[in-house]
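Colleague: Can you walk me through this one? Keep it quick.
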Amino acid sequence: MSTTYDGGRQLGRLTIHDDAQQMIDRAREEGIETVWDRLHAQEPQCGYCQLGLSCRNCAMGPCRVDPFGEGPQRGVCGADADVIVARNLGRTIAAGASSHSDHGRDILEVFGEMARGETSSYRVTDEAKLRRIADEVGVATEGRDTKDVAIDLADELMANYGSAKGSLSFVGRLPQLRREKWAGLGITPRGIDRENVEMMHRTHMGVDNDYVNLLLHGLRTALADGWGGSMIATELSDIMFGTPSPVTSEVNLGVLSTDQVNIAMHGHNPLLSDVILAAAQDPELLELARSFGATGINIVGLCCTGNELLMRKGVHMAGNHLMQELVLVTGALEAMVVDYQCIMPSVVDVAKCYHTQVISTSDKAKFPGATHVSFDPRRGAEIAREIVRIAVEAYPNRNHDRVRIPVAPVKMMGGFSVEAILGALGGTPQPLIDAIVAGSIRGAVAVVGCNNPKLAQDFEHIELTRKLIENDILVLVTGCAAVANGKAGQMMPDSADLAGPGLRAVCRSLGIPPVLHMGSCVDNSRIMQLAAALANALGVDIDSLPLAGAAPEWYSEKAVAIGAYVVASGITTVLGVQPPIFGSANVVSLLAGGLDDVVGAKFAVEPDPYKAALLIRGHIESKRQGLGLTFIAPADIRDAEPAVAGASSQG
Amino acid sequence: MQTVFINPERCIGCLQCEIACAVEHSTSRDLAQAFHERPLPRKRVHVEPGPVATTSFPNKCRHCDPAPCQRVCPTGAISRDAGGDLVLIDPARCIGCAMCAVVCPFDVVTFHPLAGALGPDSLVAVKCDGCKERLDRGEVPACVESCKVDALVFGDLNELIAKGRLRESNAVLSAAGFSATAGPSGDPLAGWRAFGIARATVDDAAQDVWNRRRREAARVGAQPGNGNDSKENNGATREEGAS
């Protein structure tokens with residue numbers, strides 16, 4: 001795929017995938033409005049908001065600072081551009097961190113109910129992991145019942161949400177040097193809810209009026225997500241639903257079936273999707289489906305609920321964020337079952353054009369126009385059957401003449417938990433470290449984050465990832481980025497052919513793809529854990545490692561929180577979409593520069609995937625140099641590809 | 001004459017037109033880069049507050065003909081464009097005397113240090129240039145594109161005025177109790193409610209009336225105005241489809 005870059009947007013192209021494009025065309029033919037139409041209607045978008053220069057925090061306002069200097073330079077309260085931008089960014093981080101952490105709490109609550117025997121829908125699937133985590137956070141395990149260990153672990157982790165503790169349980173996973181750095185800066189996360197609440201407090205008018213102090217607390221708030229809420233979500237999901245191990249799946253709209261009841265699981269939380277999957281095997285419901293002429297019940301995933309299912313069960317994946325409306329346009333979906341996060345309110349409107357039932361399940365996420373089935377985990381299995389029944393009963397309403405499943409699915413591999421990666425390496429990170437020291441693998445990059453209709457869907461994810469693996473950089477993916485790479489065929493063991501010679505050899509010997517699927521967006525905590533394990537094995541801080549992060553197509557507040565905890569953990573991160581901070585030169589200079597001196601990592605913004613790849617390669621080589629490893633001098637880092645004759649080489 | 005027309009009662013004071021104008025007149029045409037440029041790009045539309053809260057007026061050059069500013073400019077820096085619709089300022093000939101601002105009936109000329117006739121940082125008169133480059137590309141002016149509430153609209157002057165008049169007419173007659181669906185209701189309260197709704201409705205109702213008149217006019221061989229934008233065509237199609 002040698003696509004000439006034209007400013008990130010691939011002018012005239014909304015997506016680079018055939019399945020998506022066919023459905024967009026069909027939506028247009030049928031007069032169905034999609035995310036791209038709505039973006040177009042919003043353009044040009046608010047300039048103040050794009051720069052972060054508007055403040056709605058109080059009723060003396062709303063206020064705006066004029067970036068061109070003619071109009072007001074301060075809000076009514078006196079806040080200047082720096083304070084307004086920092087406040088806004090702080091609240092964005094708090095919203096993102098709260099989302100992951102509330103998801104984590106939902107898992108934790110059910111884990112506690114399960115431990116106390118209050119629900120029969122869930123059980124401990126990975127007992128070894130339960131005991132390992134309990135040991136790690138100081139819960140006694142020796143000679144104790146699984147049930148008692150689980151109850152104490154639930155209580156211990158629940159204490160992470162308040163502020164009873166000095167610091168979060170999982171901070172102990174970090175290298176000593178990193179913990180000292182955080183303590184020195186005063187950004188060690190103390191309590192998950194506490195940091196979020198404190199951020200809301202600090203950004204109230206007249207509290208924290210120092211943009212540096214605000215941004216530091218932004219990092220602490222994000223850390224309470226990455227090493228708190230998200231990490232709890234990941235670890236407990238593994239204990240309850242199984243720790244992922246390599247599994248092959250299929251991806252794109254081709255995973256829908258022409259003759260089965262298709263149910264798409266959309267959202268983020270595995271509590272619901274796991275029991276739905278079980279209900280889809282229910283003989284009575286299968287019989288009902290057959291009585292309507294369907295040959296079975298086909299569960300497919302969307303977004304991160306889909307990733308949770310793919311990682312643990314190999315469930316097929318229909319698509320990522322920007323596919324959620326298009327999957328409905330196939331006309332082949334009986335139900336879209338949603339929990340929360342990233343579910344566009346518009347799916348209800350698109351579904352109305354077909355026989356598709358949208359079924360909302362979380363009492364904190366209702367969708368007018370959808371059928372709401374309140375999900376109570378204590379009756380999980382029963383409610384799951386009720387939901388699947390609604391889907392099955394919609395099958396007779398399917399208009400088979402309107403069904404259009406555009407393409408054949410592509411194979412992808414998932415399931416690379418930290419445990420699975422270490423397992424593939426023989427139980428220790430040493431072989432990976434050896435490969436990095438030898439230079440056959442130059443380093444590793446986490447390519448994560450969302451889709452954003454401002455960019456051609458998945459273009460940046462795929463091109464950046466490919467450029468990195470071509471240059472012997474191992475890529476770890478989660479969330480929408482994983483789906484993008486899967487669709488592009490970059491995530492099978494055979495995809496090692498796309499990698500440079502060093503990485504290819506390592507992948508071949510281990511039988512793994514050069515792009516490893518590590519899970520949903522809360523599972524970015526797996527990447528943090530892996531980075532900490534590598535640093536601990538080498539006896540250095542994380543910021544010394546040849547690692548980087550990238551969120552090429554991010555859109556969500558959660559992505560901002562992720563970016564902030566990745567950077568605060570010592571990993572430099574490149575964003576493909578400009579965050580709303582450019583109204584303050586001071587904030588930009590701190591985040592894109594000064595932060596490096598403080599936490600050993602910083603942010604960069606680069607929408608061109610080829611330039612971003614060069615930037616990341618330069619960063620990784622400089623870290624190799626810092627570790628005394630072989631490195632490529634900056635002048636020698638250039639792109640191997642001017643691929644197409646006549647196409648100008650990227651600059 | 002094609003022009004930017006203002007519906008001040010629709011302005012919500014969001015200032016997007018100001019930002020869009022400044023970016024349009026920057027070198028980079030990119031928001032995040034524009035305000036780092038020196039000299040700073042300047043807005044040429046000014047949203048000033050009205051007498052009560054939540055009222056504001058996006059004020060800009062009306063491109064008068066004859067233009068008082070052009071008449072009094074001692075250096076001949078102000079001229080009309082070839083088409084004759086726009087009044088333009090040549091900064092290289094401007095000496096910053098401000099005579100144009102003195103006589104401007106709308107107070108829309110402002111002065112900024114740019115490269116004028118008196119040196120690199122001399123004051124130069126800055127005002128709306130009608131987004132001439134955008135019009136040449138077939139686009140509407142940047143301020144109009146950025147306005148989400150139709151406070152700033154672009155089109156043929158008389159057509160835009162007529163649309164407003166039709167909206168007013170529709171509103172008044174709604175107040176008097178006439179309804180397109182139910183006929184006279186005899187309920188004065190309902191009438192005034194209808195007045196409010198009709199008054200606040202962007203040209204839809206008026207547009208229908210306008211389309212009908214255009215079609216009737218076309219039938220007898222006369223065209224009111226020369227507007228031919230796609231919105232009107234769509235309106236006409238919709239109506240024909242419905243009848």
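Colleague: Which residues of α19(A) are buried?
Modeller: They are A:G479, A:C480, A:A481, A:A482, A:V483, A:A484, A:N485, A:G486 and A:K487. Buried means 20 or more other C-beta atoms within 10 Å of a residue's own, with C-beta atoms placed from the backbone. Helices here are DSSP runs (H or I, at least four residues), and strands are E runs of at least two, numbered from the N terminus.
Colleague: How should I read the model and its labels?
Modeller: It is a predicted model: local features need pLDDT of at least 70, side-chain atom pairs count only at pLDDT 80 or more, and totals for chains, interfaces and linings use all residues. Residues are numbered from 1 along each chain as its sequence is written, while chains are lettered from A and ligands numbered from 1 in the order in which they are written.
Colleague: What comes just after α19(A)?
Modeller: A:G489, with a positive phi of about 75°.
Colleague: New topic. How many residues of chain A are in contact with chain B?
Modeller: 13 residues of chain A are in contact with 14 of chain B. Contact means C-beta atoms, placed from the backbone, within 7 Å.
Colleague: Which helix gives the largest share of chain A's side?
Modeller: Helix α3 (residues 47–51) of chain A, with four residues.
Colleague: And the sheet, in what order do the strands run?
Modeller: β13-β12-β11-β14-β15-β16 in chain A, an open sheet with parallel pairing. Strands pair if DSSP finds at least two bridges between them. The edge strands are β13 (515–519) and β16 (603–605) of chain A.
Colleague: What stands opposite A:G549?
Modeller: A:T573, in β15(A). Strands β14 and β15 of chain A pair over three bridges.

Technical notes
A residue is buried if 20 or more other C-beta atoms lie within 10 Å of its own, exposed if 12 or fewer, and partly exposed in between; C-beta atoms are placed from the backbone. Two residues are in contact if their C-beta atoms, placed from the backbone, lie within 7 Å.
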